[in-house]
Amino acid sequence: MDFKNYIRDIHDFPEKGVTFKDITPLLKDADALQAAAAAMLKMIGDVKVDKVVGMESRGFFFAPILASRLNAGFVPVRKMGKLPSDKISRTYSLEYGKDTLEMHADSIQPGENVIIHDDVLATGGTAKATCELVEALGGKVIQCNFLLQLLNLKGAAKLDGYQIKSLVNY
């Protein structure tokens, strides 16, 4: 299946000059959704996975599906102030500022194998901060898994040393 047929460009969103990759056409098509989940599962392979970590908010689409199919737990990574229990945090740089991600402090146990999942790898800041959160709790990041990767933004460079897999590359 050519997944690019289910991803549309929205020009000048969220601001002028940006072309947003909209995955909602893929999400609303049952066959494309199932095929994308199966293809991402295949990218993971046969390795034992204890947890799949998905980043707010679009990482929440596929990460729970992957976790369910891998018989693993799902861990949400949220923006600051959204989690109710004890948490750890990482602040990272954006193109024009900073942002902070948080994860519950009891979400990953030392030695657990973890897949990091998000819908898009762009500049890599969110994924790198998430890897740092997992490792701070003693987890082992075995793969950073993405629906799509925007190669021109060079986000993979921030994830040097991690295995990166993406279903679609632009």
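**Notebook: loops, cores and overall shape**

I began with Pro14, which sits in the loop between β1 (8–11) and β2 (19–22). I kept in mind that this is a predicted model. The peptide bond leading from Phe13 to Pro14 is cis, and its omega is near 5 degrees.

Asp12 is not a glycine, yet its phi is positive, about 60 degrees. Is Asp12 buried, partly exposed or exposed? Its relative accessibility is 43%, so I noted it as partly exposed, since that class runs between 20% and 50%.

**Another cis bond.** I then went to the bond from Glu56 to Ser57, which is cis with omega near -10 degrees. Ser57 is in the loop between β3 (51–55) and α3.

**Another positive phi.** Lys154 has a phi of about 55 degrees, and it is not a glycine either. I found Lys154 in the loop between β8 and β9 (164–169). Its relative accessible area is 61%, so Lys154 is exposed, the cut-off being over 50%. I flagged these spots because most residues other than glycine have a negative phi, and most peptide bonds are trans.

**Into the core.** Which residues of the largest nonpolar core touch the most other members? I listed Ala36, Met40, Val49, Phe62 and Leu148, out of 26 residues in that core. The elements that give two or more residues to it are α2 (30–44), α3 (59–69), β7 (113–121) and β8 (140–149). The most comes from α2, with eight residues. As a reminder to myself, nonpolar side chains tend to be buried together in soluble globular proteins.

**Stepping back.** How many helices and strands does the protein chain have? I noted four helices and nine strands, and from the N terminus they run β-β-α-α-β-α-β-β-β-β-α-β-β. The radius of gyration is 15 Å, close to the 15 Å that the globule rule gives for 170 residues, so the chain is as compact as a globular protein of that length. Of its 170 residues, 44% count as buried. Among contacts between residues at least 6 apart in sequence, 58% join residues at least 24 apart.

**Last entry, charges.** The chain has 21 positive and 21 negative charges, and their mean positions are 1 Å apart.

Note on methods: Residues numbered from 1 in each chain as written. Predicted model: local features only at pLDDT ≥ 70, side-chain atom pairs only at ≥ 80, totals over all residues. Heavy atoms only, no water. Core = buried A, V, L, I, M, F, W, Y, C linked by side-chain atoms within 4.5 Å. Buried < 20%, exposed > 50% of the residue type's maximum accessible area, 1.4 Å probe, protein only. Rg over C-alpha atoms; globule rule 2.2 N^0.38 Å. Contact = heavy atoms within 4.5 Å. Lys, Arg positive; Asp, Glu negative; His and termini not counted. Charge placed at Lys NZ, Arg CZ, Asp CG, Glu CD.
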